[in-house]
Amino acid sequence: MLDKIMNNKYLIPIILSLFTYISLCFQDVLPANNIFSLLVLVLIIYFYKNNILKKSEYNRDILIFSLFFAVILIAGRILYNFRYSATDSFWNELFTIKNIIYLIGNTSLIYTILVTVIPKLVNIKFKDKKVFKKKYIFLWSLLIIFICWLPYFIVYYPGIITGDSIDELNMVLGNRAVSDHHAVIHFIFMYIPYKIGYFISENVNFSVGLISLVQMLVMASIFAYSVFFLAKRNVNKYLLIATLLFYAIVPMFGFYSITMWKDIIFSGMVLLLVLELIKLLEKKNDISFKNFYSFIIISLLTIFFRNNAIYMYFILALVTLIVFRKKLKVIVPMLIIVFAVFFVVKGPIYNYFGIQTSKSSEYIAIPLQQIGRMAYKGVEFTKGEEELINKLIPLDTLRESYNAEIVDSIKFNYNYNAEAFEENKIEYLKLWISLCFKHFGIATEAYLTSTLGYYYPNVDYWVTTAKIDENDIGVHTSSFVPDNIRNEITKLGTRTLPIIGNTWCIALAFWLILLSAYIAVKRYRKKSILYVYVPIFGIWLTMMVATPVFAEFRYIFSAFTCLPILLIVPFLKKRGVSYEKVK
Amino acid sequence: MKRLNNNFGYLLISLMIYLALAKYLSLDNFNILSLIIYILNFIVVKKYFFKLLSKRSIILSLIFTLCFTLGKVCFDNMYTTKNVFIEYFTFETLYLFIGIFLLFTLLISIILKKLETLNLVSENNFKNNKKLFIISFIVIMLCLIPYFLHSFPGLIAPDAIYQTQQFKHLTTLTDHHPVLHTFFLKVCYAFGSIFSNSENIRASVSTIVQMIIMSSIYSYFIVFLNKHKIDKKILIGLMFLFGLLPVYAFYSITMWKDVMFGGFFLLFLINIYVFIEKKEELKYYHFISFAIISLLVLFFRNNALYMYILFIPFILVYFKDKIKPFAITISLVLLCFFVVKYPVFNYFGVEKSKSWEYLGMPIQQVGRMAYKDVNFTKEEKETLEKFITIENLKSDYNPIVSDGIKFSLNLNQEYFDSHNMEFLLLWKDLVIEHFDVAVESYLISTLGYWYPNLANNAVELGVTDNDLGFYQQSLVPKSVGNFIDNLYSYDTPILSLQWNLGLIIWFTIILGVVCYRKNKKNLLCYVPIVGMWLTLMVASPVNGMLRYIFWLYTALPLLFFINYLPSINIKSTKKRR
C-alpha cells in the first residue's frame with residue numbers, strides 16, 4: 001500500500017502542493033479568494049509533479065537546507081510579528097499544528113526548487129570559448145559602472161548623508177574631536193577630498209560632493225577590478241556581463257556609492273580581501289611572501305575601516321593558519337605584520353594623537369536587548385538583580401525604552417549610565433548569565449529578535465535615507481532633477497518594488513552564499529574552497545554576536561559587494577593548481 | 001548566443017508574469033516567498049512554455065486577459081466617477097496585460113493538455129445501479145444533515161419570507177418569484193402543519209423535501225455516470241462533493257427557487273445528452289421526460305423561457321432528421337407553459353411581474369450617467385424627471401444592484417409601468433450620446449458573470465428577520481455551528497474559490513473548448529448554458545450573484561464528464577478512422 005502511494009507520481013506532488021498553497025495563503029503571501037492564487041496553485045502542482053520526486057545524490061543535503069530555510073521562515077515570521085508584543089511567547093507559538101503544516105508546505109517549495117537547480121549547477125560546464133578579451137576590460141567596466149551611478153549623484157547631489165556622517169563631517173571641520181567610534185581611516189578618506197574641494201570652491205556642498213565622487217570612483221574601480229579579476233580567470237562572458245550589470249544596475253550600489261558611510265569603503269575592501277584569498281588559494285603550493293604584500297595592505301585597510309572587522313579577521317587568521325599549515329613560514333609573518341600594525345596604530349599612535357576610542361558598552365547590545373526584553377515582558381527580577389539593573393538604567397525606563405529593533409533607545413537613553421558597566425563588568429556579566437538561565441525562553445527570543453534580519457529574509461527595515469539629515473554645517477540636498485523624479489528614484493531604495501525590493505534583503509544574500517559554498521564544495525570536492533567564504537561569514541557572525549540593530553543593511557553591505565564573486569566561485573576556472581576540476 | 005537569448009526570453013516572460021502577479025495578488029515584494037514564486041514561475045516557463053503552446057490556448061488567454069484586465073479596472077472604478085476606458089488604456093495596463101496573457105497562456109496550455117488527455121473511464125465501476133442510487137442518496141443526505149441541523153429549519157432569505165407571506169395570503173401572490181416554487185413551499189408547509197404547530201418545523205419540511213429532491217438528482221447523475229463506466233473512485237468522490245462542498249450543501253438547505261432550478265437544469269442537460277447519445281434509437285419516453293423537465297425548468301425560473309426559445313432552433317436543426325417528434329414535444333411544452341402562465345394564472349389572480357423589472361440594465365445605465373454628472377439636455381432632463389429626479393437617481397444609483405433605483409421610493413413606479421416605452425426611447429438617445437458611460441455601466445452591471453475576483457453574497461446564513469415565527473434554531477453544539485458557518489468564507493484557501501462565479505464561468509469555457517476538440521456534437525449541451533448566461537448578461541439585476549448562476553454549478557460536473565463518456569468517444573473515433 002505504502003509502496004503504491006510512494007510510487008504514485010501524482011499523489012505526493014498534489015498533496016504537497018496543497019500544503020504549500022495553504023501555507024502560502026495562511027502566511028499572507030497569497031490571498032485565499034483571488035483567482036491568481038489558484039493559478040499559482042496550478043503552477044505549483046505542475047512544478048511539483050515534474051520535479052519533486054527527482055532523485056540525485058544531493059537530495060539528503062537539499063532536504064536539510066530546505067528544512068533549515070523553512071524553519072527560519074516560520075520562526076522568523078513569528079518573531080517579526082511578536083517583536084512588539086509583551087504578552088505573546090515565541091516558543092509557545094512555534095510549536096503548534098499550523099506550523100507543522102507550514103513546515104511541510106515551505107520545505108516542499110524550497111526543496112523542489114533546490115532539487116531542480118542545485119544538481120544542474122553542480123554539474124554545469126561552461127564552454128571556454130565564451131570569454132572576453134582582457135584588454136581594456138577594467139576601463140570599460142569602470143566607465144559603465146560609473147555612468148550607471150551618475151544619475152544617483154545628480155539626483156541626490158552632493159550625496160546621502162545621515163547623522164553618523166554629519167558627526168564625521170564635524171570632525172573634518174574641526175568642530176569636534178576625532179574619535180575612533182567612526183573609523184579614523186574613514187575620517188581621513190573624507191578629510192582629503194573635502195579640503196581639496198573647499199580649497200577650490202569654498203563651498204560645503206561642492207566639497208561634500210567631491211567626497212561622494214571620490215567614493216564613487218574608488219568603489220567603481222574596486223568592482224571593475226573584480227570583473228577584470230574574473231576575466232583573467234577565463235570566466236564565461238555571460239557571467240562577466242551579469243557581474244558587471246549587477247554592480248552597475250542594482251540600485252543599492254548606486255545609492256551607497258554616494259552615501260557617506262565607512263561601511264561602503266569597508267565593503268569594497270572586503271571584496272578585495274576575498275579576491276586576495278582566491279589568489280592565495282590558487283597559489284597554495286607556490287606561495288611566497290613577496291607576492292602577497294597586497295594581501296597585507298588589503299587586510300589592514302579592511303580592519304581599519306571598521307572596528308568590529310578585527311573579530312572577523314581573527315577568524316580568518318585562524319582559518320588561514322589551518323588551510324596553509326604547510327606554508328606557515330610565509331603565512332605567520334604576514335599575519336604578524338597585519339596584527340602588529342593594527343595594534344600599534346590603534347594603541348600608541350591613536351593615543352599619541354589623542355583619538356578617543358570606543359567604549360565597551362558598544363559591544364553589549366545583545367545582552368542589553370535581552371535584559372530589556374525581560375523588563376518589557378514584565379519578568380519578575382529579584383531585589384539584587386533589580387538593584388544592579390537600576391544602577392545601569394532605571395528598570396521602568398528600561399521597560400519603556402526597549403525597542404526590539406535597535407538597542408540605541410537603551411544605550412543612548414538619557415538615564416543610561418555607561419560608567420556603571422565599565423566599573424562592574426564582571427558583576428554585569430554574572431547578572432546577564434544568571435538572567436539568561438532563569439528566563440531562557442525570553443533570552444533566546446530576545447536574541448533571535450535582535451538578530452532577526454541577518455537570517456530571516458522578510459524583515460522590512462530601512463536601507464537608505466536617500467537624503468541629507470538636518471545639520472548645522474550647511475550641507476543640503478541640491479538635486480539637479482525635479483522632486484517628482486527624485487521621489488520616483490527614491491522608491492528604488494525601498495523594499496516595496498518587485499524583484500528590486502528583494503535585492504535589499506540581507507538574509508537572502510546569506511542563503512545564496514551558503515548555497516554557493518555548498519555547490520563549490522561539491523564541484524571542487526575540496527573543503528578548502530570554503531576559505532574564500534570566511535570573511536563574509538566572519539562578518540555575519542560578528543553581527544550575530546553583537547549587532548545593535550536587528551536588520552541594519554549597511555553593516556552587512558560587504559555580503560552584497562562580494563555576492564557575485566562568491567556566487568561565481570564554484571564555477572571559477574583554476575588559474576593556479578590548488579583546486580581540482582569537477583569530476 | 002541562441003541559448004542566452006532563450007534564457008533571456010524566459011527571464012523576461014517570467015518577469016512579466018511575476019510583475020502582473022505582484023500587482024494582482026498584492027504580493028509583499030520584500031517577502032522571499034514572493035520571490036520564490038518568481039523562481040518557480042521561471043522554471044515552469046523555461047521548461048514548458050513553448051512546449052505546450054497551442055493556438056486555442058493563445059485565443060482563450062487573450063479573451064480571459066481582456067476580461068480580467070478590463071474587469072479589474074471596472075471593479076476598481078465602480079464607485080468612482082473616472083472613465084474606465086481612460087483608466088484602462090495606460091502603460092500599467094499594457095504591461096499587466098502582457099504578463100497576465102503570458103501566465104494564462106502557460107496555465108491554459110497546461111490545463112488543456114491535461115483535460116484533453118484525461119481518461120476517467122474504467123471497468124472498475126458499480127455493478128448495481130439501484131443500489132448505487134440508494135447509497136449515493138444516503139451518503140449525500142448524511143453529509144447534509146450537519147448543515148441542516150445547524151441551520152434548522154433551513155436557510156431562509158428575504159425572498160422565501162416574501163413567498164411565505166404570499167401563500168399565507170399576507171400579501172398578493174405574484175409571479176415575480178415563480179408560482180410553482182411558492183406552491184411547493186405551500187404544500188410542504190401544509191404537510192408540516194399536520195404534525196406540528198411550530199412554524200420552524202413547518203418551514204423545515206420544505207428544506208427536507210428540497211434536500212431529498214436535490215440528493216435524488218445528484219444520485220441520479222452519479223448513476224448516469226456509472227452507466228457510462230466512469231471510475232468508481234471518482235463516483236465516490238462525487239457523492240462527497242455534492243454532500244460536503246459548502247456551495248452544494250448550503251444551497252440544498254436554502255429556501256430559494258434557484259436551488260431546485262439548478263437540479264432541474266442538470267436533468268435537462270442530461271436529457272439533451274441522452275438525445276445526442278441515442279439519436280438513432282430515441283423512444284417516446286425520452287420525449288415525455290424531456291417535456292416534463294422542460295416544464296419544470298421553465299416554471300422554476302422566469303428567465304429560463306428566453307434560454308428555451310434560444311435553444312429551440314438549435315435542437316430542431318440538430319435533430320432535423322427527427323424534427324417531427326421534437327417539434328410536437330416542444331410545441332406542447334410551450335403551449336402548456338403559456339396556458340398556465342396566462343389564462344390559468346389570470347384565473348387565480350396571480351399578479352404579473354412589473355414590466356420595468358426587466359429594464360434593470362437601461363435603468364442602471366441612465367443611473368450611472370446621473371452618477372457621473374453627464375450633461376443632460378433640457379428635454380432629456382424633463383423626460384427623465386417624470387420618472388425620477390436626477391438628484392434622486394444619482395443618490396439611489398448602486399453599481400452592484402439595480403434594485404437601488406428600481407425599488408426606490410423616489411421612483412414614480414406607476415408612471416414607469418405605464419410609460420416604459422418613453423423611458424426606453426430616452427435611454428436609446430442617452431446611450432448614443434454617452435456611449436462610453438453606457439458601455440462602462442453595462443460592464444459594471446454584469447461584472448461578476450465574466451470577471452473573477454468579485455466577492456458576492458453567495459449564501460444567506462441563518463433566517464432573515466421576520467414576523468412569521470421563523471428563526472434559526474441550531475441543533476448542534478456552538479463549536480460545530482461556528483465551524484459550519486465558517487465554511488462560507490472568502491478567506492479559506494481553495495474552498496473560497498467555489499464562490500468565484502467568474503472562475504466557474506471561465507472553467508466552463510475551457511470545458512467548452514475541450515468539448516469542441518473531443519466531440520463537437522456535445523456542444524449542443526452548451527446551448528442552454530449560453531442561453532442562461534446571456535439572460536444574465538442582458539438583464540441581471542445584480543452584477544454578480546451566485547444563486548443566479550447556481551444552475552452552472554449543478555451543470556458543471558456533467559459538462560466536465562461528457563468529454564470522457566465512452567459511447568460517444570467510441571463512435572467519433574470510428575468516424576475519424
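A residue is called buried if 20 or more other C-beta atoms lie within 10 Å of its own. The model described here is a predicted one, and that should be kept in mind throughout.

Phe69(A) has its place in helix H4 of chain A, which covers residues 59-82. Because 25 other C-beta atoms are found within 10 Å, Phe69(A) is buried. When its neighbours within four places in sequence are left aside, Phe69(A) is in contact with Ile110(A) and Trp511(A). Ile287(A), by contrast, stands 218 residues apart from Phe69(A) along the chain, and the C-alpha atoms of these two residues are separated by 39 Å.

| Domain of chain A | Residues |
|---|---|
| domain 1 | 2-123 |
| domain 2 | 129-260 + 469-497 |
| domain 3 | 360-450 |

Between domain 1 of chain A and domain 2 of chain A, the C-alpha centres lie 40 Å apart.

As for confidence, the pLDDT of chain A averages 90, and 95% of the residues score at least 70. Over residues 575-583 of chain A, however, the pLDDT is below 50, although this stretch has 21 contacts in the model beyond near neighbours in sequence. Where pLDDT is low, the predicted coordinates should not be read in detail.

Turning to the place where the two chains meet, 40 residues of chain B are in contact with 38 residues of chain A. On the side of chain B that touches chain A, the elements giving two or more residues are helix H1 (2-24), helix H2 (32-52) and helix H5 (91-117) of chain B, and the largest share, 12 residues, comes from H2(B). By kind, the residues on this side of chain B divide into 30 nonpolar, nine polar and one charged.

Within chain B, another packing of helices can be followed in some detail. The axes of helix H6 (residues 129-151) and helix H23 (residues 478-486) of chain B come within 10 Å and cross at roughly 110°, which means that H6(B) is roughly perpendicular to H23(B). H6(B) makes this contact through Pro146(B), Tyr147(B) and His150(B), while H23(B) takes part with Val480(B), Gly481(B) and Ile484(B). The residues of the contact of H6(B) with H23(B) divide into four nonpolar and two polar, with no charged residue.

Technical notes. Residues are numbered from 1 along each chain as its sequence is written. Chains are lettered from A and ligands numbered from 1 in the order in which they are written. This is a predicted model: local features need pLDDT of at least 70, side-chain atom pairs count only at pLDDT 80 or more; totals for chains, interfaces and linings use all residues. Two residues are in contact if their C-beta atoms, placed from the backbone, lie within 7 Å. Helices (H or I, at least four residues) and strands (E, at least two) are DSSP runs, numbered from the N terminus. Ala, Val, Leu, Ile, Met, Phe, Trp, Tyr, Cys and Pro count as nonpolar, Asp, Glu, Lys and Arg as charged, and the others, Gly among them, as polar. A residue is buried if 20 or more other C-beta atoms lie within 10 Å of its own, exposed if 12 or fewer, and partly exposed in between; C-beta atoms are placed from the backbone. Domain bounds come from an automatic or database domain assignment. pLDDT is the predictor's confidence in each residue, from 0 to 100. Axes are lines fitted to C-alpha atoms, for helices over the stretch in contact, and angles run from 0 to 180 degrees between N-to-C directions. Angles under 35 degrees count as roughly parallel, over 145 as roughly antiparallel, 65 to 115 as roughly perpendicular and the rest as oblique.
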